[in-house]
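Dear colleague,

Please find the structure below. My notes on what was found in it follow directly after.

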Amino acid sequence: MLDFNALISTTMTDTLTLNEQVLKQINSQIANQLNTGVLVLDADFNIVIWNRFLQVHTDKIAKNTLGQSIFSAFPELPERWLSRKFSSVFQLNTPSFCSWEQRHHLFELPHTRPITTDSEFMAQNCTFLPIETDCKSKYICILIEDVTDVCHYQTKLQKTLAELAQISRIDGLTQIYNRRHWQESLEQEYAKARRHDKKLSLIMLDLDYFKLLNDNYGHQCGDMVLIEVSALISSLLRVEDIFGRYGGEEFAIILPETALSGAIELAQRICNKIATKVLIYKDQAIKVTVSLGVAQLSVEESNYEELITLSDNALYQAKALGRNQVCSADCSKSLLID
Amino acid sequence: MSEFHLTEDQQDCLQELINVAMGQASDQLARYLDTFVYLKVPSIESVDAKDLMNTLSQQKNTMAVVSQGFFGYEGIRGEALLVYQEEDSGRIADLLGYEPDELSQDEQLIDISSILTTTFLNVFARQIDNQMSYNAPKLLPSAKENLSEHLQQMPFSWDLALKVNINYQVTDYSFNCNMILLIPETAITNIKHVLDRILAEF
Amino acid sequence: MSPSVLICDDSNMARKQVLRSLPEQWKTSVQTATNGAEALTILRDNSIDVLFLDLTMPGIDGIGVLQGIQKLKLKCSVFVISADIQPEMQSKVKALGAKEFLRKPVKPEVLTNHLQQHGLL
């Protein structure tokens, strides 16, 4: 305090010095109360200034840190890459940035939301600013912003959106694709097959006497059968096949890059597996069968709906011929000719 | 014709400022990258909002778009978009002198974009006695659909955009990208004032 | 006596910039060209002492003009004034006979300095 008064009472020429002094105090207090890490490096990457934020969050002692290379003070930093980034700031005299979206953090600092976040360290947005002083010496100012909250909520939002997108594609009962998503997929696969001149086949299948099953054993039993049959069929498919619930007890499978013979083979396997599978409902053995219609995309169809109609017709054929069997669009055509 | 269109003199003046900025920027870049950067005259077009959407949606394999806001004195501000095609992204790490495993592809794109944008705009600003600050660059997620969405959601309405086609060829391989500077209406008026001031000096 | 001067640049502003930077007594006998072809025609048909030449121009560029000058065995002093200032480009134009390479935007004092160095002032 005494010093302060002494300064005031000095001559006029010192007024400027006083103002500078006050300014310096204000600046340094702002820097120390900022909720942002401030770090200044010289041209050799040695730390020349750091603010309270960093001192508090790093638990390092100023006298051990100031004057030290940033890479020895913070050994967690990716030295090669970051030095190259620093040199771009020095050489090009342009700012550089590092966002949590690409790199969660640079400095291993603890954050203030320990319970709700899944990362041990504070998520950071870092800015590297070129600083040039009167005496032509160059420095880099590093600003470290705590964006743990942003990162946390953004990650949560992304996860929720992904979950929602998934839910909107899935049939609640059978956990396979619902009709809407299945149909969208068919539209895409149809376009792809046309564009690249690739084969594409379709299987439509229907549980036989499903209404009777519901009447005899109740709807819970019917649901169980739908779930079990879906799971069984799923286990027989390749990853690229797209399996969906088309209607109540009707299912459909898109088979990309598959010819009719392959599709018939798969349909036959599904038919046999289901026919020989014994399902248990309330200690009762239940046997179900399916009828399947198969079709392959040919030059004739002008849209994907026509492919559905073809396999649907084949499915009716299989039903008409006594169920528990496979019919293809080919044989239904030949049957019609006969 | 929009009132934001530049006169022939203004266009000439701006082209010259951009040429000089690009020349100095590529000299700096060549030194930094320690390689010869072959520079073609950047072609500058002013395009209005509708044309830009059309041009961009015609580009088939747009792979990535990085956006970075800039703002200087005298109300000169805007947003720089760097548009990359699929084949341009392969060796950016190499170009920047990074090891490929040190950073992700996204980060490489962001780094090179930031360097191109800020180096160029810094020199440009210096010529008109201005100084630029920059926002952190952002990679727009899945370029294709999001570019038009992004343009619609800009924090300012813009009628005129400056499309600067930059073509950087680096000694042993070619690297191309388009830089598009989106300038809001008010900033265009401000730029025109600056151009007129420069022209008046002659 | 003031030398005959040709300024070749596709940009109107850049031409004016060079013109403005010339020594006062030179400003009376200046011709301009907006591209390389135009410049070569003027160079061939007139006796030009000093050429201020831009490099990047549509059609015949600055490099093309330098090559043309060599081919026509013209004796004019060429000062390249360019935005493309990389060292490789500088040595290339010097190898093609340019007296000096000046970076854009050209400043009067810099220009005067170089003219003096080459004994033109």
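Of the 338 residues in chain A, 31% are buried, where buried requires 20 or more other C-beta atoms within 10 Å of the residue's own, the C-beta atoms being placed from the backbone. This is a predicted model, in which local features need pLDDT of at least 70 and side-chain atom pairs count only at pLDDT 80 or more, while totals for chains, interfaces and linings use all residues. Residues are numbered from 1 along each chain as its sequence is written, and chains are lettered from A and ligands numbered from 1 in the order in which they are written.

Chain A

The C-alpha trace of chain A spans about 120 × 50 × 35 Å along its principal axes. Its radius of gyration is 35 Å, whereas a compact globule of 338 residues would have one near 20 Å; the radius is taken over C-alpha atoms, and the globule rule is 2.2 Å times the number of residues to the power 0.38. The domain assignment gives domain 1 (34–155) and domain 2 (171–337), with bounds from an automatic or database assignment. The centres of these two domains, taken over C-alpha atoms, are separated by 58 Å. Chain A has 13 helices and 12 strands, these being DSSP runs numbered from the N terminus (helices H or I, at least four residues; strands E, at least two).

Chains A and B

The contact takes 17 residues from chain A and 20 residues from chain B, two residues being in contact if their C-beta atoms, placed from the backbone, lie within 7 Å. Helix 6 of chain A gives the most to the chain A side, with six residues. By class, that side has five nonpolar, nine polar and three charged residues; Ala, Val, Leu, Ile, Met, Phe, Trp, Tyr, Cys and Pro count as nonpolar, Asp, Glu, Lys and Arg as charged, and the others, Gly among them, as polar.

Helix 6 (residues 79–92) of chain A packs against helix 1 (residues 8–33) of chain B at an angle of about 145 degrees, the axes lying 10 Å apart. The axes are lines fitted to C-alpha atoms over the stretch in contact, and angles run from 0 to 180 degrees between N-to-C directions. In this pair, A:Ser88, A:Gln91 and A:Leu92 meet B:Gln28, B:Arg31 and B:Tyr32.

Chains B and C

Between these chains, 14 residues of chain C are in contact with 18 residues of chain B. Helix 1 (residues 12–21) of chain C supplies the largest share of the chain C side, five residues.

Yours sincerely

Conventions
Buried ≥ 20, exposed ≤ 12 C-beta atoms within 10 Å, placed from the backbone.
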